[in-house]
Amino acid sequence: MKRTKWLAALMAVVLSASLLTGCGAKEKTKVNVAALNGPTGIGMVQLMDDMDQGKADEDYTFTLAGAPDELTGKITSGEVDIAALPTNLAATLYQKTQGQVTLIALNTLGTMYVVEKGDTVNGIQDLNGKTVVSAGQGSTPQYTLDYLFKQNNVQATVEYKSEHAEVASALLSGQNTLAVLPEPYVTNVMAKDPEVRVAVDLNEAWKQSAGGSELVMGCLVVRTEFLEQNKDAVDTFLKEYKESVDYVNANVDQAAELVAKYEILPSAEVAKSAIPKCNIVCITGAEMKPAIEGYFQVLYEANAKSVGGNLPDDAFYYEK
C-alpha cells in the first residue's frame with residue numbers, strides 16, 4: 001500500500017513537470033542589436049534595462065558603436081541582426097546588398113546643430129567663408145551640409161573627424177570655434193564650456209531649404225534573412241522598442257539615470273538636458289515611407305550616390 005502511494009506521488013510529480021515544460025513560456029529568440037552612441041542608444045535604454053532584469057520578451061544582446069561604418073560589416077556578415085544607422089546609409093546598404101537589409105523603423109528626426117565658441121554666426125549664411133569641423137563624412141551629416149550650403153549659396157570649408165567625440169574635443173580645446181554636432185553632444189559641450197552656444201539649428205534650416213521636408217536622420221534596419229526566419233521576434237522587438245522610446249520621452253529623469261548607467265552619456269545630468277532635444281521617435285509600418293521619401297528625394301537629386309544610386313523601392317519598407 002505504501003509502495004502504491006509512493007509510486008502515485010512520483011507519477012504526479014513527473015506529470016506536473018511535463019505539463020510545466022509543455023505549457024511554459026515560449027523559447028526566446030536570440031537577437032543581436034547594435035545602436036550608435038547618441039539618440040538611438042538613448043531610445044533603447046528601458047529595453048536594455050528590461051533585458052538585464054530578465055523582463056524582455058526576447059533574448060537581446062546590445063552593443064554600442066561610435067560610428068556607422070563599425071556596423072555595416074557586422075550586418076552583412078550576420079554578426080548583428082538589427083542595427084541603428086543613418087537613413088541614407090540604410091538606403092545605400094539596401095542597394096549594395098541587393099535587398100539584404102530591410103527598414104523596420106525611423107527612430108531619429110533632426111538633431112544636428114552648428115555650435116560656436118563665440119558669437120559670429122547666427123544663420124546658415126553666416127558660415128560663408130568659414131571653417132567648420134564635423135563628423136560623418138560620406139554619411140548623413142556630410143550630405144546635409146552639402147545640400148544646405150548649395151541651397152543657400154554658402155562657400156564653407158568642412159574638416160571631417162571620425163567621430164562626434166573628436167569634434168567635441170576639437171571645439172572644447174579651442175582647435176576649432178565652429179562645429180556641427182548632434183544632440184546629446186551639443187548639451188555635453190555646452191555643459192563643459194559656457195562660452196559654447198547654438199548658432200544654427202540645421203533642422204530648421206533644412207525645412208526652410210527643402211520645402212518643409214523632414215530631416216529624418218536615423219533608422220533601424222534588420223537583416224532580411226533574419227526577418228524572414230524570425231518575423232515574430234522582429235515584431236516583438238519593434239513593440240518593445242516603441243515602449244522604450246515612449247518611456248524615455250515621458251520619463252526623462254528616470255531615463256537619464258539609465259543613460260548614465262549604460263554609459264551612453266557621462267552623466268544623468270547631461271542626459272536629462274539632452275533627451276527633450278534629441279527628437280527620438282519610433283515610426284513604423286505604412287507611416288515610414290511618407291515620412292522619409294521627401295528626404296531621400298532631396299538627397300537623390302543632390303547626389304544619387306548618397307542613397308546608393310537609386311531611391312529605395314517598396315520592398316525596402318517593412319509594413320508587417
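This note goes through a predicted model point by point, from its sheet to its aromatic pairs, helix contacts and loops.

1. Basis of the note. Because the model is predicted, local features are taken up only at pLDDT of at least 70 and side-chain atom pairs only at pLDDT 80 or more, while totals for chains, interfaces and linings use all residues. Residues are numbered from 1 along each chain as its sequence is written, and side-chain values use heavy atoms, with hydrogens and water left out.

2. The sheet as a whole. Six strands make up an open sheet of mixed pairing, in the order β2-β1-β3-β10-β4-β11; strands (E, at least two residues) and helices (H or I, at least four) are DSSP runs numbered from the N terminus, and two strands pair if DSSP finds at least two bridges between them. The edges are held by β2 and β11 (280-283), each of which has a single partner strand, so one side of each is left without a neighbour in the sheet. From one strand to the next the twist averages 25 degrees, where axes are lines fitted to C-alpha atoms (for helices over the stretch in contact) and angles run from 0 to 180 degrees between N-to-C directions.

3. Strand β1 and its partners. Five of the seven residues of β1 (residues 30-36) are buried, which leaves the strand mostly covered; buried means under 20% relative accessible area, exposed over 50% and partly exposed in between, with a 1.4 Å probe and protein chains only. Strand β2 (residues 59-65) runs parallel to β1 and is joined to it by seven bridges, with V31 partnered by Y60 and N32 by T61. Strand β3 (residues 82-86) also pairs with β1 in the parallel sense, over two bridges, and here A34 stands opposite A83.

4. A helix on the sheet. Helix α4 (residues 69-77) packs on the sheet and touches β1, β2, β3, β4 and β10 (216-223), its direction making about 140 degrees with that of β3. Contact here and below means heavy atoms within 4.5 Å.

5. Aromatic pairs. Eight aromatic pairs are found in a search of the whole structure; rings of Phe, Tyr and Trp (its six-membered ring) pair if their centres lie within 6.5 Å, and planes under 30 degrees apart count as stacked, over 60 as edge-to-face and the rest as tilted. One of them joins Y60 and F237, whose ring centres are 5.8 Å apart with planes at 65 degrees, so the pair is edge-to-face. Since Y60 lies in strand β2 and F237 in helix α11 (residues 231-250), the pair ties together parts that are 177 residues apart in sequence. F296 is in helix α14 (residues 288-302) and F316 in the segment after α14, 20 residues apart; F296 is buried at 2% relative accessible area, and F316 is buried at 0%. Y60 and F237 also belong to one aromatic cluster with F62 and Y241.

6. Helices α6 and α14. The axes of α6 and α14 come within 10 Å and cross at roughly 75 degrees, which makes α6 roughly perpendicular to α14 (angles under 35 degrees count as roughly parallel, over 145 as roughly antiparallel, 65 to 115 as roughly perpendicular and the rest as oblique). On the α6 side the contact holds T140, Y143, T144 and Y147, which meet Y295, V298, L299 and A302 of α14. By class, the contact has six nonpolar, two polar and no charged residues, where Ala, Val, Leu, Ile, Met, Phe, Trp, Tyr, Cys and Pro count as nonpolar, Asp, Glu, Lys and Arg as charged, and the others, Gly among them, as polar.

7. Helix α8. In α8 (residues 185-192) the buried residues are Y185, V186, T187, N188 and V189. These buried residues pack against β5 (112-117), α7 (164-172), β8 (178-182), β9 (196-201) and α13 (268-274).

8. Two loop residues with positive phi. Most residues other than glycine have a negative phi. Q98, which is not a glycine, has a positive phi of about 55 degrees; this residue sits in the loop between α5 (87-96) and β4 (101-109) and is exposed, with a relative accessible area of 76%. N153 likewise has a positive phi, near 55 degrees, and lies in the loop between α6 (140-151) and β7 (157-161), where its 67% relative accessibility counts as exposed.
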